[in-house]
Amino acid sequence: MADDLKKGLEGVLVAESDLSSIDGDEGRLIYRGYEIEDLARGASYEEVLYLLWHGRLPGEDELAEFADAMATEREVDDDVLATMERLAEADERPMAALRTAVSMFSAYEPEDEADPDDLEATLRKGRRITAKIPTALAAFERYRLGEEPVDPDPDLGLAANFLYMLTGEQPDDVAAETFDQALILHADHGLNASTFTSMVIGSTMADIYSAVTGGVAALSGPLHGGANQDVMEVLMEIDESGKDPLEWVEEATDEGRRIPGFGHRVYNVKDPRAKILQERSKELADNGDDKWYEITTTIEDYLTEEKGLVEKGIAPNVDFYSGSVYYQLGIPIDMYTPIFAMSRAGGWIAHVLEYQEDNRLIRPRARYTGSEDEEFVPLGER
Ligand SMILES: CC(=O)SCCNC(=O)CCNC(=O)[C@H](O)C(C)(C)COP(=O)(O)OP(=O)(O)OC[C@H]1O[C@@H](n2cnc3c(N)ncnc32)[C@H](O)[C@@H]1OP(=O)(O)O
Ligand SMILES: O=C([O-])CC(=O)C(=O)O
């Protein structure tokens, strides 16, 4: 057995997958062979879910049937709503509320008794989870505002319905399309930390609720999905400080602080998703407040041109521009990472199912560096 230590599993191949592929030097991302740019511009999030879960793009009737089925599964049990209300009153963080909600959905799963080997049943359960996440999240936000939740509208697509449940108002086309595109861009990304977490859980043949709950937990950290919230907080810190953004960045880099939204384990160049989100941020800025777009692009130009971060392979990742897009859509900052989870649930479920088709327990090992020959001394004699 090879004894090479690959800290953080960097570059280690642990599975084969048809789902998504990243070229980190070219800045290219594909889902099942389709360029992310084409999907983001031409498909809906539901189409992308179908592609990830069923292996091909749907026809018109197939998509309608699939989207309708998901729309009918959006409602969550009153107990889940009551829990969201209690967590909002307790000032819980939205990612923690979501983690609790997903775990709790399983109590109301109609196919709870299904055999773990029944992958069709697992997919149906995964579809229910994906349909319900937006409802639980929007309810949590409404309770925080002291408002009642808004019932899902089955006539709206998943993206538009989430914005509707969040605000109580039908979003305009620009907001709905922008949000739908953001969901597509976040749906899958190879064996990132949260997807791998879900796969490890799924490899024990634990249920899909456990796998998705674990995915939410792993995504919440600031080195992963949590960075989108951090980006916006940094932008606001810069704005409130009244400093020139470049002065702030200069100080931060001199102090050795990491810039959230920069750097990636796989990309050595700008993330293709960041390019698309930057375009959307610009469009929204052209029709509204351009402050955040200006600060982000100024920081990017400075870090890449003056500080030469790109030469070191540190470029904007997907989180760098999503914050300013969500901010312009009026979404609360601490909902950014939960929104990432709302989308990525599709990828977690797809990877768990794909892996379980030819399952092998994931169980790596650590090189032992502790001592070998301690003499045990009973408690009373220590
Ligand atoms: C959706 C996502 O999960 S995308 C990633 C979201 N996370 C962030 O944006 C947080 C900021 N970025 C980071 O912390 C890192 O780039 C990570 C964790 C994403 C990837 O890190 P790794 O692949 O483990 O790279 P590692 O941490 O070894 O960094 C390599 C070098 O780049 C530097 N570096 C990496 N990211 C940054 C950054 N954001 N700002 C400044 N320097 C950075 C490191 O200091 C290190 O430099 P050194 O070799 O001189 O010590
Ligand atoms: O791939 C990664 O490591 C992180 C990332 O960009 C994602 O999960 O979307």
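Two strands are taken to pair if DSSP finds at least two bridges between them, and helices (H or I, at least four residues) and strands (E, at least two) are DSSP runs, numbered from the N terminus. The structure described here is a predicted model, in which local features need pLDDT of at least 70 and side-chain atom pairs count only at pLDDT 80 or more, while totals for chains, interfaces and linings use all residues. Residues are numbered from 1 along each chain as its sequence is written, and chains are lettered from A and ligands numbered from 1 in the order in which they are written.

In the sheet, Ser 21 stands opposite Ile 30 in strand 2, and strand 1 and strand 2 pair in the antiparallel sense over four bridges. Three strands make up this open sheet, in the order 1-2-3 and with antiparallel pairing. Strand 1 (20-23) and strand 3 stand at the edges with a single partner strand each, so one side of each is left without a neighbour in the sheet. In the loop between strand 2 (28-31) and strand 3 (34-35) lies Arg 32, whose phi is near 45°, a positive value in a residue other than glycine. With 19 other C-beta atoms within 10 Å, Arg 32 is partly exposed, where a residue is called buried if 20 or more other C-beta atoms, placed from the backbone, lie within 10 Å of its own, exposed if 12 or fewer, and partly exposed in between.

A positive phi, of about 60°, is also found at Asp 91, although it is not a glycine. Asp 91 is placed in the loop between helix 4 (78-89) and helix 5 (94-105), and this residue is exposed, with 7 other C-beta atoms within 10 Å.

For the protein as a whole, the secondary structure comes to 16 helices and three strands. The radius of gyration (taken over C-alpha atoms) is 22 Å, close to the 21 Å that the globule rule (2.2 Å times the number of residues to the power 0.38) gives for 382 residues, so the protein is as compact as a globular protein of that length. Of these 382 residues, 46% count as buried.

The protein is divided into domain 1 (36-221 + 335-356) and domain 2 (227-328), with bounds that come from an automatic or database domain assignment. The centres of the two domains, taken over C-alpha atoms, are separated by 27 Å. Their contact (C-beta atoms, placed from the backbone, within 7 Å) takes 12 residues from domain 1 and 14 residues from domain 2. On the side of domain 1 that touches domain 2, helix 1 (36-42), helix 8 (173-186) and helix 16 (336-356) each supply at least two residues, and helix 8 gives the most, with five residues.

Ligand 2 has around it His 189, Gly 190, Asn 192, His 264, Arg 265, Val 266, Asn 317 and Val 318, a residue being near a molecule if its C-beta atom, placed from the backbone, lies within 6 Å of it. This shell draws at least three residues from each of domain 1 and domain 2. Around ligand 1 there are 17 residues, of which the closest are Ala 227, Arg 258, Phe 262, Gly 263 and Arg 265.

Terms used:
Contact = placed C-beta atoms within 7 Å.
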